[in-house]
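Dear colleague,

I am passing on the structure we spoke about, with notes on what was found in it. Please have it open while you read.

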Amino acid sequence: MSVTNTKKAGSTRQLELYFGPQHLGMVGNFSITLKVEGDRILEATANPGYLHRGFEKLMEYRTWIQNFPLVCRINVVEPDHIEMIYAMAVEKLAQIEVPERAHFVRSIYLELARVGSHLFGLWAYANMLGFDTVAQWAMYHRDLILDLFEELTGGRVYHIYIWPGGVRRDFPTGFKEKVVNTLHSIGGCVPDYDATFFNNRLFYERAKEIGKLTLQQAKQWGATGQTLRAAGMPYDIRKVEPYAAYDKVEWNVPVREDSDAYSRVWVIRDEMIESVHMIFKLLDAMPEGPVYNRIPNPFKWKIPKGEAYVRCESSRGELGLYLVSDGGDKPYRVHFRTPSYPNGLIILEKLLENASIADVGNIMISLYTVAPEIDR
Amino acid sequence: MKEKTTDKKGSILSPFKAVNYLFKKPRTLRYPFEPKEPALRYRGFHLNDWNKCTGCGNCADICPNEAITMVEIPDIETKPGEKNERPKLDYGRCCFCGLCVDICPPASLRLSRDYFHIHFDTNTFTFFPKDEKTDKEHFLGSEQYSILKASLSHRKEGYEGFTSDLEYSLFEPQRVSMPEVPPEERKLSFIEQVIGYSKKEAEKEASRCLECKLCEQACPAHLKISDYIKAIYEGRPGESLKKIFEDNPIPAICGRVCMKYCESACSLSMRGEALAVRWLKRFVADSIKDYKTALELKLTEPTGKRVAVIGAGPSGLSVAYFLTLKGHKVVVFDSLPGGGGMMRVGPPIYRLPIEAIDKDVNHIASLGVEFRFNTTVGKDVLFENILKEYDAIYLSIGTTVSRSTKVKNIDKAHLALPFLKANKIAEPVKVGKEVIVIGGGNVAMDVAREALRLQYLQYPNEEVVTKTVSLEDWGQLPATEDEIEEAKAEGIQFNPAWGPKQVEVEDGKIKGLLCIKVKSVFDEKGQFNPTFYEQQQMFMEGDMIIEAIGQAPDFAFIPKELFEKMEFTPQRKVKVDENGMTSIPRVFAGGDIVNLNLDAVTAIADAKTSAEGIHKMLCKK
């Protein structure tokens, strides 16, 4: 933390502090400029830009299929939902049908990704609060999910698995059982997580009433995902506008009402459990059949002129993609609407006003901000 | 599922439950003593089977990171339809997405489960992937392999990861099926068997092309296949026709009877069905009513030079076209009443209708080429006079004399060419009820299938049969697989590996053919020298025999003193230089009398060479 702009001497002097990108409390290449007086933050300015890689422009120079290995890199933590919306948008523009089984495979895959991503989020949050043990457990359990991805797709972090027309390969033999076993073994640790973290008095004291916003504010500032659901609104794209196989099985949207860091993290916990139950139901309901309708020859693939906006529920909220084709073999314009954008820029700045310096990381991570999503 | 969060403050002591974990085994793997086994589909370093790789370069084309470059390897011997290039990987760029694997037509490129490479020299991060079959030095068995030394030059054998799966490949292995008249229906008449693609079907089929251009190297005339297929895909058949005419002025003929070297070389044929290049060419030729307006040809100023072409077959037509474009006056002599040469008399109507031939010939005539049909050189007009009157002569006389087996009583049998010719351009031959065709080549197939049709026409509701007998066994038959399959579907009986011994005759009528079992067709040197098991005999009943065992050229029209000057190759072909000129000055040659392929597209290739040669010679003077 560096100190600049000394205005007054004594405890009431205003300081400008740079929080990140190199700061222990910061996750990702992101920074916040804080104007503080004592411990209290007067004003916060989020500074994105450290991770700007120009994906949206790069995509205009790659063919439809060549963009697949690219899009997933927008979000390191959870590449899968980005693959999904790109595939959905391309399917919508090119009018490609997806086989029934592929819808189930996609849903299972995306829910696994959600669990993996939430575990990563839990690691970041617990680590930031000083719960190192829980953080290590979360990281270990995320690794088990990555093992499943490796088995299914051949890659651990960037899977490049969902394609237009379905998925890239069917389940390998014995994969279903592996998923069930892994999820059971992670699920077996939920009581331990609860005892050491979620039901821990220290967590309650640290997170309760921190970063509070009203439902009205959440809606106004563009919050989606946990931020909105922790404010009492059961809003989930999987329910509102079902895609893949989310309308084929019964499941609930976990909601809390207090709208503070504590309830946001609890929503994450409940969502993981809900996702695991959903995966079990999907595995049971999954039909046999093909998982891929062949796309046209990639060297001659032109998509009819048109535009599409598609959205899906990523682990942090509404993820949208606006895709325009001018009838060529490459996208004409691509724009992503990522949930971290309102969370990390607008809401974070508002919530940091009048907060304590010690809570900056707490608030930021409870909003589930992932820096690469903001910058792209 | 709304819950009040305030109820769960929890105890400050509950975290002590984590103490239990102190007594559990650690989860961390102690690498390298406990290395983690990568998943079976792991996307690690590349493997490439150099024997299977054709150098098509599709992997380099699809790579989103430009991590793959195709590098020429001079040591590799290439067959037609292969390039001596192999992919070189740059692991500073590769993102292990595996698009290259999913596009690889021969499935030679795969990903392995290795992922270790540590080296001080960054140049080692670019390398040519090989596999254990082609690189024994760097792929080691489990005894020699140590994970501590693992690198791009120390890899485990049999460690295949993410591999190609035809079901998920990025290319379409199946072609758009060509609508055909079913065998039961077509064998009853001379209706054209292949109906032809519709515009939609043609565009769909054209969309399968990967543009690797292996076909263009395999084609004797090196047509710009990739370009004309692309133009079809884009819905511009006129553009496509222009591209075809750059190298081939008879697309309606070639689109039906070409030997399609391109399709055997096609990348897609490695694991799927080749792109239907021939049918796509036919689609273009058929869909454009008037070549002349579509081509917008610009003829150059007349040079005043005169070239005589003897024989209006594919080679003669092509040379006439190419030379006319260059401004020379071309006169074509042919003894037949129309153009096309062997194409006019050989391929049966159900394969190549006369209208298709005339479309190509009329277009060439409309450019100013003078055709003198029904004119036999050596009889109606003398060769020596032509040589005097014209600046150059192109011999494209083809092989017009049917060979005979010369076995006993064979004089009672028919010969293939007169049989085919009569059926196509004169009165159909009266066939027997039980026809034996001697030969196993494409001409024999044509003869047999034509005989069968005539049988059905001449003996309706009677039992008829056509059978072939050939020296070659299954698998050696010189006819193309398509022809054999189609003939079988129509009900032709095959008797491979039998040689004719003598024709059995009773009361001046053919009773059948006595055959002996073939031991081998070729000798150790690969020369044609059949041997037989004299004891194993078979009598084949039949009332008509047609010989279709090959043809020879007829040079009788060339005066003796000139003919003596003409040199021949050891295979008894006319010897020509790199310009297509024979050993007689100003006389060029091409087609079946020059090449060993004996087909239309090679004849066109010869014509291209000779047209250049003639043009060069005429311009020099």
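Two strands are taken as paired if DSSP finds at least two bridges between them, and that is the sense in which bridge partners are named below. Please keep in mind throughout that this is a predicted model.

In chain B, strand S3 (residues 85-90) and S5(B) pair in the antiparallel sense over two bridges, and Leu89(B) has Phe127(B) in S5(B) as its bridge partner. These strands belong to an open sheet of three, which runs in the order S2-S3-S5 (chain B) with antiparallel pairing. Strand S2 (68-72) and strand S5 (126-127) of chain B stand at the edges with a single partner strand each, so one side of each is left without a neighbour in the sheet.

Turning to chain A, the domain assignment gives domain 1 (3-47) and domain 2 (55-375), and the centres of these two domains, taken over C-alpha atoms, are separated by 31 Å. Where the domains of chain A touch, 16 residues of domain 1 are in contact with 18 residues of domain 2. On the domain 1 side, the elements that give two or more residues are strand S3 (31-37) and strand S4 (40-47) of chain A, and S4(A) gives the most, with six residues. The residues of that side of domain 1 divide into nine nonpolar, four polar and three charged.

Also in chain A, helix H3 (residues 80-94) packs with helix H4 (residues 100-129) at an angle of about 145°, and their axes are 9 Å apart. Asp80(A), His81(A) and Met84(A) are the residues of H3(A) that meet Arg106(A), Tyr109(A), Leu110(A) and Ala113(A) of H4(A). By kind, the residues of this contact of H3(A) with H4(A) comprise four nonpolar, one polar and two charged.

Finally, there is the contact between the chains, which takes 41 residues from chain A and 40 residues from chain B. On the side of chain A that touches chain B, the elements giving two or more residues are helix H2 (68-71), helix H5 (132-153), helix H7 (190-198), helix H8 (201-207) and helix H12 (261-285) of chain A. H5(A) provides the largest share of this side of chain A, namely five residues. The residues on the side of chain A that touches chain B divide into 17 nonpolar, 11 polar and 13 charged.

With best wishes

Technical notes
Residues numbered from 1 in each chain as written. Chains lettered and ligands numbered in written order. Predicted model: local features only at pLDDT ≥ 70, side-chain atom pairs only at ≥ 80, totals over all residues. Contact = placed C-beta atoms within 7 Å. Helix = DSSP H or I, 4+ residues; strand = E, 2+ residues; numbered from the N terminus. Nonpolar A, V, L, I, M, F, W, Y, C, P; charged D, E, K, R; others polar. Axes fitted to C-alpha atoms, helices over the stretch in contact; angles between N-to-C directions. Domains from an automatic or database assignment.
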